[in-house]
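Q: Could you walk me through this structure, one feature at a time? I would like to learn how to read each kind of feature and then see the case at hand.

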Amino acid sequence: MRLDCPESFPAHRAEEISRALALGRAIVIPTDTIYGIGADPYSTRAVNDLLALKGRGRHMPPPVLVSSMEEAETVSTHLTEAARALMRHFWPGALTLIVRANPRINFDLGDIKDTLAIRMPDHAVALSVLRETGPLAVTSANLTGQPPATSYQEAKAYFGQSVAYYIDSGPTPGPVPSTIVDTVDVPRVVRRGAISVEEIEQVLVTV
């Protein structure tokens, strides 16, 4: 089902979205980069189905989208000073951080258990959804090896009726994805994206 949400997510639809996620269904949401396909990160079946939709295995866990820095503190056991500095400077925004996973948070994202990737997107509708649902396992809305979707129409062409809800906020700025920085030990850029390496380095030099 398509939900037309050009500027905001209607609160009265929150219950049905949450119900679909609880049943293990996937949803498609817009972000500040590209569209993402998301599922309940606590559900092994939901995450496995999500990965299967993309044609990807459990060796490549999906990132987790959060609605605040406070949620980031909850899902990680230890955020480094580098991670916090990058969050303060770039969140909400197109920066994904690899951090130590909190074992007390029973996410099942794949075969990698000790770390996870987190991001707070700079998109009003996405943040509204996340505030209603809590953290979501979200990966780019495309089949593995294909271009990421930057519109509802492109996402639906990939997934059709396999997705419970498509939240349509119009075209996103993509196709460039978020930059990924591993902050577990010595910070390093592991994927170049919307935020340049130079911008990352300018922040880290002050830590």
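This is a predicted model: local features need pLDDT of at least 70, side-chain atom pairs count only at pLDDT 80 or more; totals for chains, interfaces and linings use all residues.

Q: Is Gly160 buried or exposed, or partly exposed?
A: Buried means under 20% relative accessible area, exposed over 50%, and partly exposed in between (1.4 Å probe, protein chains only). With a relative accessible area of 21%, Gly160 is partly exposed.

Q: Leu50 brings me to helix H2. Which residues of H2 are buried?
A: In helix H2 (residues 44-54), they are Ala46, Val47, Leu50, Leu51 and Lys54. Looking down the axis of H2, you find these buried residues within an arc of 135°, so they line one face of the helix. The arc is that of the directions from the helix axis to the C-beta atoms.

Q: What do the buried residues of H2 pack against?
A: They pack against strand E3 (36-39) and E7, where contact means heavy atoms within 4.5 Å. Just after H2 comes Gly55, with a positive phi of about 80°.

Q: And what covers the buried residues of H1?
A: The buried residues of helix H1 (residues 14-22) are Ala14, Glu16, Ile17, Ala20 and Leu21. Their cover includes E1, E2, E3, helix H5 (124-133), E7 and E8. Just after H1, Gly24 has a positive phi of about 90°.

Q: In what order do the strands form the sheet?
A: Strands of a sheet pair through backbone hydrogen bonds, either parallel or antiparallel. Two strands pair if DSSP finds at least two bridges between them. Here ten strands form an open sheet in the order E1-E8-E2-E3-E7-E4-E6-E5-E9-E10, with mixed pairing. Strand E1 (2-4) and E10 stand at the edges with a single partner strand each, so one side of each has no neighbour in the sheet.

Q: How many bridges join E5 to E9?
A: Four, and the two strands run parallel; Leu97 stands opposite Val181 in E9. On to the next pair: E9 and strand E10 (residues 188-191) are antiparallel over three bridges, and Val181 stands opposite Val189 in E10. E9 and E10 form a hairpin, with five residues between them. Elsewhere in the sheet, strand E2 (residues 27-29) and strand E8 (residues 165-168) pair in the parallel sense over two bridges, where Tyr165 in E8 is the bridge partner of Ile27.

Q: Which way do the residues of E9 point?
A: From strand E9 (residues 179-182), Thr179 and Val181 point one way and Ile180 and Asp182 the other way, and all are buried.

Q: Which residues lie nearest the centre of the largest pocket?
A: A word on method comes before the case. On a 1 Å grid over the protein atoms alone, a pocket is an open set of points where a 1.4 Å probe fits, with protein on both sides within 12 Å along at least five of seven lines, and lining residues have an atom within 4 Å of a point. Of the 27 residues lining the largest pocket, Pro61, Pro62, Pro63, Ile180 and Arg191 lie nearest its centre. E6 gives the most to this lining, with four residues.

Q: Where are the cis peptide bonds at Pro92 and Pro175?
A: Omega is the angle to read. Trp91 and Pro92 are joined by a cis peptide bond with omega of about -10°, and Pro92 sits in the loop between helix H4 (81-90) and E5. Gly174 and Pro175 are also joined by a cis peptide bond, with omega of about 15°, and Pro175 sits in the loop between E8 and E9.

Terms used: Residues are numbered from 1 along each chain as its sequence is written. Side-chain values use heavy atoms; hydrogens and water are left out.
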